[in-house]
Amino acid sequence: MLSVSDALSQVLAKFKPLDAEWVPTAYAAGRVLAQTVHASLDLPPFPNSSMDGYAVRAADVRAASPATPALLTVIGDIPAGAVPSMVVRPGCAARIMTGAHMPQGADAVVPVEATDDSRSTGGGPLPVAVRVLKAVEAGEYVRHQGEDMKAGAEILRPGMILRPYDLGMLAATGCSKVSVVRRPRVAILSTGDELVPVETEPGPGQIRDTNGYTLGALVRKYGGEALMLGAAPDQADAVDRMLGEALEQAADVIVSSAGVSVGAYDVVKAAVERRGVLSFWKVRMRPGKPIVFGRLGAVPFFGLPGNPVSAVVGFEIFVRPALLKLSGRTRIDKPVVSVLLTETWHSDGRESYLRAVVSREDGRYVARSAGGQGSNMISALSAANALLILPEGVTEAPAGSTLRAWMLDWPEEVF
Ligand code: AMP
Ligand code: MG
């Protein structure tokens with residue numbers, strides 16, 4: 001039987017980033033960039049003022065102070081968006097607003113607060129002359145053309161996850177569309193004669209199909225598009241039809257749950273083998289030992305176990321990194337912390353993923369059980385914020401020792 005890490009290497013070897021698509025930049029946050037972006041222009045595109053004030057020649061105000069103000073003739077007004085036509089000659093100044101184009105001749109801006117002009121702040125009339133009460137250096141309060149970025153500079157590279165902060169930069173350089181890696185289309189199907197849809201009152205011996213809900217949401221959490229196919233009964237023909245539907249819908253990956261164990265009605269493996277091949281069907285892990293990986297034609301297939309906790313653990317270990325790789329991500333490791341145990345944990349020597357509540361106490365992360373550890377117990381899974389990892393070969397982790405834990409709710413840069 002394969003170890004988790006050997007199985008994961010086999011899985012990841014079969015995935016590479018999907019092709020690219022163009023999306024509106026406004027909706028591209030969280031997507032993986034598939035192109036190099038170059039600045040199409042200098043930013044700022046022209047020298048402009050960083051303050052509301054007066055554009056001056058620094059030499060004219062070198063000796064200015066409240067006691068010895070420099071008196072300058074005001075020759076014009078430059079609101080933001082205007083193209084100034086005046087030339088600021090010695091002894092002159094032009095009123096200028098933040099973001100407005102610097103006029104010729106001026107090499108600095110005096111903020112309005114450093115002048116005797118108290119009216120301009122409220123949109124007052126242009127004064128005839130202004131007294132400057134403070135010296136400024138040449139270049140002061142001027143934003144220089146290209147100081148932020150130069151035309152032609154490489155500003156974003158393929159493989160980056162676009163963040164809200166990047167979108168403004170793309171907008172500034174005129175990119176209203178960007179090329180990003182396509183989202184994986186993931187078909188989700190449940191199998192089992194006992195399953196009824198969530199809206200249906202279960203009859204005797206029946207339960208609701210809960211895995212579909214969890215797995216669909218996990219697909220979306222990790223940036224995929226979930227194609228919800230519903231549940232098939234435990235018959236190879238019915239499962240085969242549903243797999244056919246997944247292929248018709250152009251799924252990039254197919255994920256099923258249940259029917260992969262050694263029970264008399266576990267028909268999923270046989271159904272997969274009709275259309276493709278199985279790479280493995282058991283992994284030394286707990287929960288979730290019966291877990292299938294294979295392909296239908298060229299489409300990778302994951303057959304997760306039916307127990308809801310096993311299905312989730314199998315998804316987090318194998319499907320999640322596969323989806324991130326398909327999405328063009330380079331960092332695919334799950335956020336992990338070292339946690340202090342307050343109780344003793346047991347397992348059977350298989351690599352184990354136990355449901356825990358991790359909290360921060362006295363500067364460290366401390367783990368407690370989230371409840372019953374049965375692989376059917378969805379309440380403990382819902383209460384958990386971490387999966388505590390008992391490594392292979394470890395049967396007891398005593399209170400006071402530390403283990404690694406996967407944090408379920410930590411952000412993973414996915415929207
Ligand atoms: P199996 O892997 O088919 O042996 O199923 C293992 C357990 O998981 C059984 O108790 C099933 O009833 C349960 N199970 C299977 N599929 C689902 C599902 N979609 N939602 C909830 N429980 C399920
Ligand atoms: Mg079953």
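The model is predicted. Two cis peptide bonds are described below, one joining Leu 43 and Pro 44 and one running from Arg 286 to Pro 287.

**Largest pocket**

- By residue type, the lining of the largest pocket has ten nonpolar, 13 polar and eight charged residues.

**Second largest pocket**

- At least two lining residues come from each of helix 1 (4–12), helix 6, strand 23 (351–361) and strand 27 (402–407).
- The lining of the second largest pocket contains ten nonpolar residues, one polar residue and six charged residues.

**Cis peptide bonds**

- Most peptide bonds are trans, and most residues other than glycine have a negative phi.
- The bond between Leu 43 and Pro 44 is cis, with omega at about -10°.
- Pro 44 sits in the loop between strand 2 (37–38) and strand 3 (48–49).
- Arg 286 and Pro 287 are also joined by a cis peptide bond, and here omega is near 0°.
- Pro 287 belongs to the loop between strand 18 (285–286) and strand 19 (292–296).

- Tyr 141 is not a glycine, yet its phi is positive, near 60°.
- This tyrosine, Tyr 141, is placed in the loop between strand 8 (129–132) and strand 9 (142–143).
- With a relative accessible area of 25%, Tyr 141 is partly exposed.
- Ala 250 also has a positive phi, about 60°, without being a glycine.
- The loop between helix 4 (236–248) and strand 16 (253–257) holds Ala 250.
- Ala 250 is partly exposed, its relative accessible area being 43%.

- Ser 3 lies in the segment before helix 1.
- Ser 3 counts as buried because its relative accessibility is 9%, and the cut-off for buried is under 20%.
- Leaving aside residues up to four places away in sequence, Ser 3 touches Val 283, Arg 284 and Glu 392.

**Salt bridges**

- Side chains of opposite charge can pair when their charged atoms come close.
- Asp 252 and Arg 182 form a salt bridge through their side chains, at 3.0 Å from N to O.
- Asp 252 is in the loop between helix 4 and strand 16, while Arg 182 is in the loop between strand 11 (177–181) and strand 12; the pair links distant parts of the chain, 70 residues apart.
- Asp 252 counts as buried, at 14% relative accessibility.
- Arg 185 and Glu 225 meet in another salt bridge, with an N to O distance of 3.3 Å.
- Arg 185 is part of strand 12 and Glu 225 is part of strand 15 (residues 225–232), so this pair ties together parts 40 residues apart in sequence.
- Arg 185 is partly exposed at 21% relative accessibility, and Glu 225 is partly exposed with a relative accessible area of 35%.
- In the salt bridge between Arg 274 and Asp 237, the closest N and O atoms are 2.9 Å apart.
- Because Arg 274 lies in helix 5 (residues 268–275) and Asp 237 in helix 4, the pair ties together parts that are 37 residues apart in sequence.
- The relative accessible area is 48% for Arg 274, which is partly exposed, and 44% for Asp 237, also partly exposed.
- Asp 19, Arg 182 and Asp 252 are joined into one network by salt bridges that share partners.

Notes: Residues are numbered from 1 along each chain as its sequence is written. Chains are lettered from A and ligands numbered from 1 in the order in which they are written. This is a predicted model: local features need pLDDT of at least 70, side-chain atom pairs count only at pLDDT 80 or more; totals for chains, interfaces and linings use all residues. Side-chain values use heavy atoms; hydrogens and water are left out. Ala, Val, Leu, Ile, Met, Phe, Trp, Tyr, Cys and Pro count as nonpolar, Asp, Glu, Lys and Arg as charged, and the others, Gly among them, as polar. Helices (H or I, at least four residues) and strands (E, at least two) are DSSP runs, numbered from the N terminus. Buried means under 20% relative accessible area, exposed over 50%, partly exposed in between (1.4 Å probe, protein chains only). Contact means heavy atoms within 4.5 Å. A salt bridge is a side-chain nitrogen of Lys or Arg within 4 Å of a carboxyl oxygen of Asp or Glu.
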